[in-house]
Amino acid sequence: MNNKLFAVVPAAGIGARMQADRPKQYLSLGGQTILEHTLERLLAFSFIECIALPIANHDAFFDGFYISHHEKIHTCAGGSERFESVLNGLNYLLENGAKVTDWVMVHDAARPCITQADLIHLYQSRSEQGSILGVQVRDTMKRTDEQGNVISTVEREQLWHALTPQLAPIGVLKTCIDECVAKGKLVTDEASALEFCGLQPKMVAGHPSNIKVTRPDDLMMAQAFIKEFQ
Ligand code: CTP
Ligand code: MG
């Protein structure tokens, strides 16, 4: 089948946990913003036909970058939750020539250290039920009660941190997110929507450098990883 590959990069968050003077995707990492790094790395993966980029309505930053005018990057409206931004991106693609059978990679703007090797592995592992990048849990895992007392050790053998990109056929993903919205199910990532609808996305082991810049300390780590791993 001759299905194309598209990307949605949700970039409409405010980065509250980062406590910076601007949304975290616009913080600088070695001379350019987190969002520019993320987009450059996706653009370097030449299978991607085009990137839908949901940004906030009041976004005052994006237009100022050279990459804003790249022919493969198209902004659309963000939503008030991540899944709403993703849905807007999917709808944008479908309204602009993508087919429901085409593939979409959804990748957080806040993960600038994604490597080409991970993009290749994920794309090679594409499945009708979806596939996602993850990193296997290393530490011993504990469950606590609400007071912070350890009550049990959680088996870590088949436990993973879910990362992005997450890859699925556009139509399958959209149908599953719509179903979650209709039934009031919280959509934390794309795979959670697929799982809710009875699908079993494939887990693809990714590189641990693919962190989501979330809190101030993460900037230092991302700075080191971005230089080290392409
Ligand atoms: N995102 C989005 N639309 C939203 C919320 C989040 O497009 N309404 C995007 C963010 O820009 C980010 C990705 O989803 O690239 C992952 O979300 P997260 O790390 O939670 O970012 P923020 O929501 O911006 O951060 P915080 O939760 O600390 O406010
Ligand atoms: Mg958030």
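This is a predicted model: local features need pLDDT of at least 70, side-chain atom pairs count only at pLDDT 80 or more; totals for chains, interfaces and linings use all residues.
**Stop 1: around β7**

Keep S131 selected and turn towards β10, where its bridge partner is L167. Now extend the selection to the whole of β7, residues 131-136. On the β11 side the pairing is parallel, with four bridges. On the β10 side five bridges join the strands, which run antiparallel. Move along to Q136 and look across to β10 again, where you will find W160 as the bridge partner.

**Stop 2**

Zoom out and colour the strands. Seven of them make an open sheet with mixed pairing, and the order to trace is β5-β4-β1-β6-β10-β7-β11. Which strands sit at the edges? They are β5 (73-77) and β11 (202-205), each of which pairs on one side only. Look along the sheet to see the twist, which averages 30 degrees from one strand to the next.

**Stop 3**

Select residues 103-106, which form β6. Show the side chains: W103 and M105 point one way, V104 and V106 point the other way, and all are buried.

Next, bring in the strands on either side of β6. Strand β1 (residues 5-8) runs parallel to β6, and four bridges join them. To see one of these, select F6 and look for V104, its bridge partner in β6. Strand β10 (residues 160-169) pairs with β6 in the antiparallel sense, also over four bridges. Here the pair to pick is V106 and its bridge partner in β10, Q166.

**Stop 4: ligand 1**

Select ligand 1 and show what surrounds it. There are 19 residues around the ligand, and G15, A16, K24, S85 and K212 come nearest.

- From G15, a polar backbone atom is 2.8 Å from an oxygen atom of ligand 1.
- From A16, a backbone N or O atom lies 2.7 Å from an oxygen atom of the ligand.
- From S85, a polar side-chain atom lies 2.8 Å from a nitrogen atom of ligand 1.

How much of the ligand does the protein cover? On its own, ligand 1 has 560 Å² of accessible area, and the protein covers 87% of that.

**Stop 5: S68 in its loop**

Go to the loop between β4 (48-55) and β5, and pick out S68. Is this residue buried or exposed? S68 has a relative accessible area of 12%, so it counts as buried. Its side chain has two backbone oxygens to look at. The backbone oxygen of F62 lies 2.5 Å from a polar atom of the S68 side chain, and the side chain also reaches the backbone oxygen of F65 at 2.6 Å.

**Stop 6: the cysteines**

Select the cysteines and look for disulfides: the structure holds zero of them. C76 is in none, and the nearest cysteine sulfur, that of C50, is 9.9 Å away. C76 is buried, with a relative accessible area of 13%. Then move to C197, where the nearest cysteine sulfur is that of C176, at 3.8 Å.

**Stop 7: L119**

Finish in helix α3 (residues 116-124), where you will find L119. With 0% relative accessibility, L119 counts as buried. L119 and N57 are 62 residues apart in sequence, and the line spans 29 Å in space.

Notes: Residues are numbered from 1 along each chain as its sequence is written. Chains are lettered from A and ligands numbered from 1 in the order in which they are written. Side-chain values use heavy atoms; hydrogens and water are left out. A disulfide is a pair of cysteine sulfur atoms within 2.5 Å. Buried means under 20% relative accessible area, exposed over 50%, partly exposed in between (1.4 Å probe, protein chains only). Helices (H or I, at least four residues) and strands (E, at least two) are DSSP runs, numbered from the N terminus. Two strands pair if DSSP finds at least two bridges between them. A residue is near a molecule or strand if one of its heavy atoms lies within 4 Å of it. A polar contact is a pair of N or O atoms within 3.5 Å; within protein, one must be able to donate a hydrogen and the other to accept it, and residues adjacent in sequence count only if both atoms are side-chain atoms. Accessible areas come from the Shrake-Rupley method with a 1.4 Å probe; for residues, only the protein chains shown count as cover. Axes are lines fitted to C-alpha atoms, for helices over the stretch in contact, and angles run from 0 to 180 degrees between N-to-C directions.
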